[in-house]
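Hello,

Here is the structure I promised to hand over. Please open it alongside this note, and then read on for what turned up.

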Amino acid sequence: MNGSQQPPKGQYTLDVARVIDAPAESIFDAFIALYDSRRPDWVTDSELDLRPSGRWSVGFQVPDGPAFREERVITAVERPHRLAYDMTAIYEDAPRFATTVEITIGTASDGQRIRLVQQGFPTAEIRDDFAGAWPDVLGELARRLR
């Protein structure tokens, strides 16, 4: 695709990664805990059924942003290397949208690489909003595992 072409509507993708010096099991468990048992302030509530076809409902209130909810349906749980889910974002004053999310954890030369790929954003702007948050999430995860 050259610089003047745009992907088809609903095809915007986000891909972020970080290397963390910790065992894969610890990274996987800490990621789940960020949205469940050890939530930061910006996660307001969470209900998790961690199994394929399980539901995962998460409420958010990010600083300087709107409150919203993600309704997730888990599509894969392969601890400690992979977690995937379908997500619908629900805002009070904006249209809903759906994406797919896949988190993988694999060996890197200096630890484990956690990679998150989120696909299906309806606009580049919405993708970019999420792109601003995911590095902070992975940074919080790394801090917790130090």
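How many salt bridges does the count come to? The count comes to eleven. Keep in mind that this is a predicted model.

Seven strands form an open sheet. The order is β1-β7-β6-β5-β4-β3-β2, and the pairing is antiparallel. Two strands stand at the edges: β1 and β2 (43-48). Each has a single partner strand, so one side of each is left without a neighbour in the sheet. On average, neighbouring strands are turned by 20° against each other, direction ignored.

A helix lies against this sheet. α2 packs on it and touches β1, β4, β5, β6 and β7. The direction of α2 makes about 15° with that of β1.

Now the pairs of strands, one by one:

- β4 and β5 run antiparallel and are joined by ten bridges. Arg72 has Met87 in β5 as its bridge partner.
- β5 and β6 are also antiparallel, with eight bridges joining them. They form a hairpin with five residues between them. Here Leu83 stands opposite Ile103 in β6.
- β6 and β7 run antiparallel too, joined by nine bridges. Two residues make up the link in this hairpin. Val101 has its bridge partner in β7, and that partner is Gln118.

As background, strands of a sheet pair through backbone hydrogen bonds, either parallel or antiparallel.

**The core**

The largest nonpolar core has 37 residues. Phe31, Tyr35 and Trp134 have the most contacts inside it. The elements that give two or more residues are β1 (12-20), α1 (24-34), β3 (55-61), β4 (67-78), β5 (82-91), β6 (97-108), β7 (111-121) and α2 (124-145). The largest share comes from α1, with seven residues.

Which residues does Phe31 contact, leaving aside its neighbours within four places in sequence? They are Leu83, Ile103, Ile114, Trp134, Val137 and Leu141. Two names on that list have come up already: Leu83 and Ile103 stand opposite each other. Trp134 also returns, as one of the residues with the most contacts inside the core.

**Salt bridges across the chain**

Three of these pairs are worth a look on screen.

Take Arg79 and Asp29 to begin with. Their side chains meet in a salt bridge at 2.7 Å, N to O. Arg79 lies in the loop between β4 and β5, and Asp29 lies in helix α1, so the pair ties together parts that are 50 residues apart in sequence. Are these two residues buried, exposed or in between? Arg79 is partly exposed, with a relative accessible area of 46%. Asp29 also counts as partly exposed, at 36%.

Next, Arg82 and Glu102. The closest N and O atoms of this salt bridge are 2.4 Å apart. Arg82 is in strand β5 and Glu102 in strand β6, so the pair ties together parts that are 20 residues apart in sequence. Arg82 counts as partly exposed at 24% relative accessibility. Glu102 is partly exposed as well, with 31%.

Then Asp45 and Arg69. Their closest N and O atoms are 2.7 Å apart. This pair links distant parts of the chain: Asp45 sits in strand β2 and Arg69 in strand β4, 24 residues apart. Asp45 is partly exposed, with a relative accessible area of 25%. Arg69 is partly exposed too, with 24%. The pair is part of a network of salt bridges that links Asp45, Arg69 and Glu71.

Ser57 is found in strand β3. Is Ser57 buried or exposed? Its relative accessible area is 15%, so Ser57 is buried, the cut-off being under 20%. The side chain of Ser57 makes a polar contact with the side chain of Arg69, at 2.7 Å. Not counting residues up to four places away in sequence, Ser57 touches Asp45, Ser46, Glu47, Arg69, Glu70 and Glu71. That list includes Asp45, Arg69 and Glu71, which are the residues linked in the salt-bridge network.

Best wishes

Notes:
Residues are numbered from 1 along each chain as its sequence is written. This is a predicted model: local features need pLDDT of at least 70, side-chain atom pairs count only at pLDDT 80 or more; totals for chains, interfaces and linings use all residues. Side-chain values use heavy atoms; hydrogens and water are left out. A nonpolar core is a set of buried Ala, Val, Leu, Ile, Met, Phe, Trp, Tyr and Cys residues joined through side-chain atoms within 4.5 Å. Buried means under 20% relative accessible area, exposed over 50%, partly exposed in between (1.4 Å probe, protein chains only). Helices (H or I, at least four residues) and strands (E, at least two) are DSSP runs, numbered from the N terminus. Contact means heavy atoms within 4.5 Å. Two strands pair if DSSP finds at least two bridges between them. Axes are lines fitted to C-alpha atoms, for helices over the stretch in contact, and angles run from 0 to 180 degrees between N-to-C directions. A salt bridge is a side-chain nitrogen of Lys or Arg within 4 Å of a carboxyl oxygen of Asp or Glu. A polar contact is a pair of N or O atoms within 3.5 Å; within protein, one must be able to donate a hydrogen and the other to accept it, and residues adjacent in sequence count only if both atoms are side-chain atoms.
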